[in-house]
Amino acid sequence: MFPTAVYNTSHKAYFRDADQQELQTAWTITIDLFLKEGSTTIITNKLMSSFGDMGFSSDVGDSNLAGVNRTVLRFTGVVDNVSHRVFES
């Protein structure tokens, strides 16, 4: 069924204190949007706005796969695990 979204997340320690407590974590969130007809622009803009409001930076690409529109969005940011704020790395 369309539209369809597939997502993947990955993370790694960005900063650890002297006691090896992970105080900051670098996150990458990838979302693939698929749409049979039309444009993913409205969904893409909403996602970019929402993740941008949280502090993530974004990267967008698109392609046409045998008649299916695909948009790839990648959001990156560092989460401070104490304050729960996001900042760009």
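**Reading rings and strands**

User: How many aromatic pairs does the count come to, and by what rule?
Analyst: The count comes to three aromatic pairs, where rings of Phe, Tyr and Trp (its six-membered ring) pair if their centres lie within 6.5 Å, with planes under 30 degrees apart counted as stacked, over 60 as edge-to-face and the rest as tilted. In F51 and F56, the ring centres are 5.7 Å apart and the planes stand at 75°, so this pair is edge-to-face. Please bear in mind that this is a predicted model, in which local features need pLDDT of at least 70 and side-chain atom pairs count only at pLDDT 80 or more, while totals for chains, interfaces and linings use all residues. Residues are numbered from 1 along each chain as its sequence is written, and side-chain values use heavy atoms, with hydrogens and water left out.

User: How are the rings of F51 and F75 arranged, and which parts does the pair tie together?
Analyst: The centres of the F51 and F75 rings are 4.2 Å apart with their planes at 10°, so they are stacked. Because F51 belongs to helix α1 and F75 to strand β4, the pair ties together parts that are 24 residues apart in sequence; helices (H or I, at least four residues) and strands (E, at least two) are DSSP runs, numbered from the N terminus. One aromatic cluster is formed by F51, F56 and F75.

User: Is F51 buried or exposed?
Analyst: Buried means under 20% relative accessible area, exposed over 50%, and partly exposed in between (1.4 Å probe, protein chains only). F51 has a relative accessible area of 13% and is therefore buried, F56 is buried as well, and F75 counts as buried because its relative accessibility is 0%.

User: What span should helix α1 have, and what follows the helix?
Analyst: The expected span is 1.5 Å times one less than the number of residues. For the 14 residues of α1 (residues 41-54) this should give 20 Å, which agrees with end C-alpha atoms that are 20 Å apart. After α1 comes G55, with a positive phi near 115°.

User: Which strands are joined to β2, and how do they run?
Analyst: Two strands pair if DSSP finds at least two bridges between them. Strand β1 (residues 4-16) is joined to β2 by 12 bridges and runs antiparallel to it, with T9 opposite I29. These two strands form a hairpin with five residues between them, and Q20 in the turn has a positive phi of about 65°. Another 12 bridges join β2 to strand β4 (residues 68-80), again antiparallel, and there W27 has G77 as its bridge partner. In β2 (residues 22-35), 10 of the 14 residues are buried, so this strand is largely enclosed by the rest of the structure.
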